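Let's take a friendly look at how charged side chains pair up in this protein. Have the sequence and the 3D view at hand as you read.

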Amino acid sequence: MLVYLFDIDGTLLLTGGAGTRALNSLFLQRFGVRSAMDGIRPAGKTDPLIVAEMIERALGRPPADGEIEDLLAAYVPLLAAEIAASDRFRVMPGAVEAVRGLAAAGVPVGLATGNVREAARLKLTRIGLWETFAFGGFGDDSPDRAALVAAAIERARRAVAADLPASAFVVVGDTPRDVAAARACGCRAVCVPTGGYEAGDLAACAPDAVLASLRDLPGWHAAQTGG
């Protein structure tokens, strides 16, 4: 049995900048700082890590105790409004079909995303996939991506009622950080160059596969399982 843990941004969808706009609005409202996301590359980073970087760069200090959690709670409704209004929101090629196809075939599918859970819910609800994922690891679990992958693995084991080895898990993402987190947990890694990284950059991280898009994931799965 293989279990898939999907990243969201750049892997399943792109919000058309909704997250960046929401975070910029948040920092303008709270601190009077404009364009606080300028110079920050969010690809592969967790929401808590992004907010911590914004505080350090825009305010010149480390986050206070509980500040990141407070800011992320305020970020979620701003993100909801931005997602609803985003005319550049788009689904990655083959994403919906791949996830639904695996799930329909009885393959467990979950999430390993740097989004906090409510942000993940908002994004995936727009494309009708939120309810498809029975478990996951989120930015709420840890600012460290490997730790949230580990959380997803434990939840998956409970969901399928089996003590599956780490090698049964496949992290699907679009950044070198996805690969590094997978390897830190002993998982397989599959990458797609649909986010901010080219196929060659991803191949240099030595994942198990670099696919042109998620359209190719069902075929890769069949090759691994003989199905």
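What follows is a short tour of salt bridges and of one aspartate in a loop.

## The overall picture

Please keep in mind that this is a predicted model. Side chains of opposite charge can pair when their charged atoms come close. Searching the whole structure turns up 12 salt bridges. Among them is a network that links Asp7, Arg145 and Asp178.

## A link between distant parts of the chain

Asp9 and Lys123 join their side chains in a salt bridge, at 3.0 Å from N to O. The two residues lie 114 apart in the chain: Asp9 sits in the loop between β1 (3–6) and β2 (13–14), and Lys123 belongs to helix α5 (residues 117–126). Lys123 is buried, because its relative accessible area is 4%, whereas Asp9 is partly exposed at 28%.

## Arg157 and its partners

Arg157 forms a salt bridge with Glu154, where the closest N and O atoms are 2.5 Å apart. Both residues are in helix α6, three residues apart, so about one helical turn separates them. Arg157 also forms a salt bridge with Asp163, with 3.7 Å between the closest N and O atoms.

How buried or exposed are these residues? Arg157 counts as buried at 18% relative accessibility, Glu154 is partly exposed at 37%, and Asp163 is exposed at 72%.

## Asp144 in its loop

Asp144 lies in the loop between β5 (136–137) and α6 (145–160). With 42% relative accessibility, Asp144 is partly exposed. Its side chain reaches the backbone nitrogen of Ala146 at 3.3 Å. Thr46 is 98 residues from Asp144 in sequence, yet their C-alpha atoms are 7.1 Å apart in space.

Technical notes: Residues numbered from 1 in each chain as written. Predicted model: local features only at pLDDT ≥ 70, side-chain atom pairs only at ≥ 80, totals over all residues. Heavy atoms only, no water. Helix = DSSP H or I, 4+ residues; strand = E, 2+ residues; numbered from the N terminus. Buried < 20%, exposed > 50% of the residue type's maximum accessible area, 1.4 Å probe, protein only. Polar contact = N/O pair within 3.5 Å; in protein donor to acceptor, adjacent residues only side chain to side chain. Salt bridge = Lys/Arg side-chain N within 4 Å of Asp/Glu carboxyl O.
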